[in-house]
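Colleague: Let us go through this model by question and answer. Please put it up first.

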Amino acid sequence: MNLTISGHHLDVTAALRDYVLPKLDRVTRHFDQVVDINVLLTVEKQKEKERRQKAEVTLHVKGRDIYFEHA
């Protein structure tokens, strides 16, 4: 299984990686043949002091692609 965690306007630190990995373990328990996982963490600055955080995950399972996001 290949795992890629990347950030857009964000540095992916060890703490972020340690937070994401247990979450992905919960997802991968339900699928037998996971080929790879792509995670994109994004921070968008909408107004002066507002920041919008978003996580997008693409899970490639044998024969199917699953995409989900959380803002």
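Modeller: Helices (H or I, at least four residues) and strands (E, at least two) are DSSP runs, numbered from the N terminus. This is a predicted model, where local features need pLDDT of at least 70, side-chain atom pairs count only at pLDDT 80 or more, and totals for chains, interfaces and linings use all residues. Residues are numbered from 1 along each chain as its sequence is written, and side-chain values use heavy atoms, with hydrogens and water left out.

Colleague: In which helix is the place of T28?

Modeller: Contact means heavy atoms within 4.5 Å. On that basis T28 touches M1, V34 and I37, leaving aside residues up to four places away in sequence. The helix that holds T28 spans residues 14–28 and is α1.

Colleague: Is T28 buried or exposed?

Modeller: Buried means under 20% relative accessible area, exposed over 50%, partly exposed in between (1.4 Å probe, protein chains only). T28 has a relative accessible area of 19%, so T28 is buried.

Colleague: In what order do the 4 strands form the open sheet?

Modeller: Two strands pair if DSSP finds at least two bridges between them. The pairing in this open sheet is mixed, and the order is β1-β2-β3-β4.

Colleague: Why is one side of β1 and of β4 left without a neighbour in the sheet?

Modeller: β1 (2–8) and β4 (64–70) stand at the edges.

Colleague: In what sense do β2 and β3 pair?

Modeller: Strands of a sheet pair through backbone hydrogen bonds, either parallel or antiparallel. Strand β2 covers residues 34–45, and V34 stands opposite V61 in β3. Over 11 bridges, the sense of the β2 and β3 pairing is antiparallel.

Colleague: At about what angle does α1 run to β2?

Modeller: Axes are lines fitted to C-alpha atoms, for helices over the stretch in contact, and angles run from 0 to 180 degrees between N-to-C directions. α1 lies across β1, β2, β3 and β4. To β2, α1 runs at about 135°.

Colleague: What relative accessibility does L59 have?

Modeller: L59 lies in strand β3 (residues 51–61). Residues up to four places away in sequence aside, L59 touches V27, F31, V34, D36, I37, R64, D65 and I66. L59 counts as buried because its relative accessibility is 1%.

Colleague: Which residue forms a salt bridge with E56?

Modeller: A salt bridge is a side-chain nitrogen of Lys or Arg within 4 Å of a carboxyl oxygen of Asp or Glu. By this rule the count is 1. E56 is buried at 18% relative accessible area. The closest N and O atoms are 3.5 Å apart, and the partner of E56 is K54.
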